[in-house]
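User: Hi! Could we go through the charged pairs in this one together?
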Amino acid sequence: MADMEVINMVSSGNYRPNFNLLLLILLQLGLKLYTVGGVWPLPQTFTSSTERYPLNPQTFYFGYGGQSAAQQGCSVLDAAFKRYFSLIFPDYISASLVLRFNEDKVFTLEITVDHNDCDSYPNEDSSEKYNLNVSARHASLHAATVWGVLRGLETFSQLVYQDDFGAYFINRTEIEDFPRFQFRGILLDTSRHYIPVQAILKTLDAMTYSKFNVFHWHIVDDPSFPYQSRTFPDLSSKGAFHPMTHVYTQSDVRRVISYARLRGIRVLPEFDTPGHTKSWGKGQPDLLTPCYKGGIPSGTFGPVNPVLPSTYRFMAELFKEVSSVFPDSYIHLGGDEVDFSCWRSNPDIRAFMKKMGFGDFTKLEAFYIENIVNITKALRKTSIVWQDVFDYHERRSSLSVVEVWRDGCYLCEVRRVVKAGLRVILASPWYLDKPGPTHNWSRYYNVWPLAFTGTEEQKKLVIGGEVCMWGEYVDSTNLNQRLWPRASAAAERLWSDEKETSNVANALPRLQDFRCKLLRRGIQAEPLYIGYCRHEYQGV
């Protein structure tokens, strides 16, 4: 039988080929048999064989196990099944043209969940552990929570691959998986450049592909105040770049939180004070400190004024609103890079410090932060602060979580924080906002968060880390390229077993394959080096 006749019969669906014969023909034609490139981030235990099974989008089903606490009607999982069907079968619309074997056989991915948390939000204690087993015509995915199921669905989607004819396959696989660290975040700065909501949602999609689980929303800062407050509407109407087009309405914020929840992502808001607040002063009179020059007001303003009772009344009202809008139990209070020169110039500030017996301005800032921490604690929120607060704070017992961000010996700082009994989020090695070649992804991969001298109990206080994308040079035109796939290097470090992922050369082929998956899913991830993807970015 001529090769062309075989191809015609195959494409018409009238031929059920012998697989060995098909292999021979493919080799003669010089065509590749594509196999799965791996999973990113690497699961904790992963066993896969060369035995593979065909998947037909027309006979593939998601189903709930009989013992599953979650059943049809679970908002998180029902929505996930729709999303992942399209991710698993990106060409399913033309599936009737695809070469298939045993097309009458159904393949079911059966989901079993121990707890019905379908209507809740992911939190700092949520389990993301899952077990996935793939065999002929059936796969089982078991997890304690729906959040674990979401991570397992992502892994399953990465196991599916296509051959040159577009047919889908998956290999026999057994996986037991869970994250190494509970907090795996990405910070987006939406003050220095306004990031449209659609770009934020796309970032949330990309985060799920790398199994990130915290969106740290650095929503306001010196340049602009885009958060549209119900209680203090002038903050955005006077402090945003534009009061109509460059704001996040209450509806926008709810949309982001809802979108994130369905993907198992927590939304952590940051309202950084007392510094980084120039935009706040435009819409809230008497909030910022008047600066003096030559004994008279200069007309400029510095950080939040920490000596006025009205400051704390305002902050109590604002954080009361923020706590009701953002359901997560964590809130980021900032506290970094406070310039003391304006406080030093102000006679009222100096008089207050003398009255309180504060010998230096770090004690004044500690006084301010302690008041803000108490406000958020009364709202039952766990506060996160940048490491600056820990460094000057004498009463460290009032702090909960410290984010380490400065260069230098950042593990020395981590060690100091955990020795004080506080939890740590590590950010120092993962600042991705500055331009740089994508091939330097290995510097974000070769990070060892626990490589410091300490007890096992102290090392457990390192709850995770996050990638920081500050906005000086980043907006929606280059956000995806700047983030991906370098952020994925950090994602594997925060999820996977360190011993199994310590070799850059071994990781590169999987990351290249994963980058191609991102392109096919519409994420403009930069190339790692020379090469190509079977499905190049199509601008979707």
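Analyst: Happy to. One term to begin with: buried means under 20% relative accessible area, exposed over 50%, and partly exposed in between (1.4 Å probe, protein chains only). This is a predicted model, where local features need pLDDT of at least 70, side-chain atom pairs count only at pLDDT 80 or more, and totals for chains, interfaces and linings use all residues. Residues are numbered from 1 along each chain as its sequence is written, and side-chain values use heavy atoms, with hydrogens and water left out.
User: How many salt bridges does a search of the whole structure find?
Analyst: The search finds 19, counting a side-chain nitrogen of Lys or Arg within 4 Å of a carboxyl oxygen of Asp or Glu.
User: What does Arg266 pair with?
Analyst: Arg266 forms a salt bridge with Asp328, at 2.8 Å from N to O. The two come from distant parts of the chain, 62 residues apart: Arg266 is in strand β10 (residues 266-270) and Asp328 in the loop between α9 (309-325) and β13 (330-334). Helices (H or I, at least four residues) and strands (E, at least two) are DSSP runs, numbered from the N terminus.
User: Is Asp328 buried or exposed?
Analyst: Buried, at 6% relative accessibility; Arg266 is buried too, at 4%.
User: Switching topic, where do Glu413 and Arg416 lie?
Analyst: Both are in helix α14 (residues 410-419), three residues apart, or about one turn of the helix. Glu413 is buried at 4%, while Arg416 is partly exposed at 46%.
User: And which residues join into one network?
Analyst: Asp189, Arg192, Asp221 and Glu472, through salt bridges that share partners.
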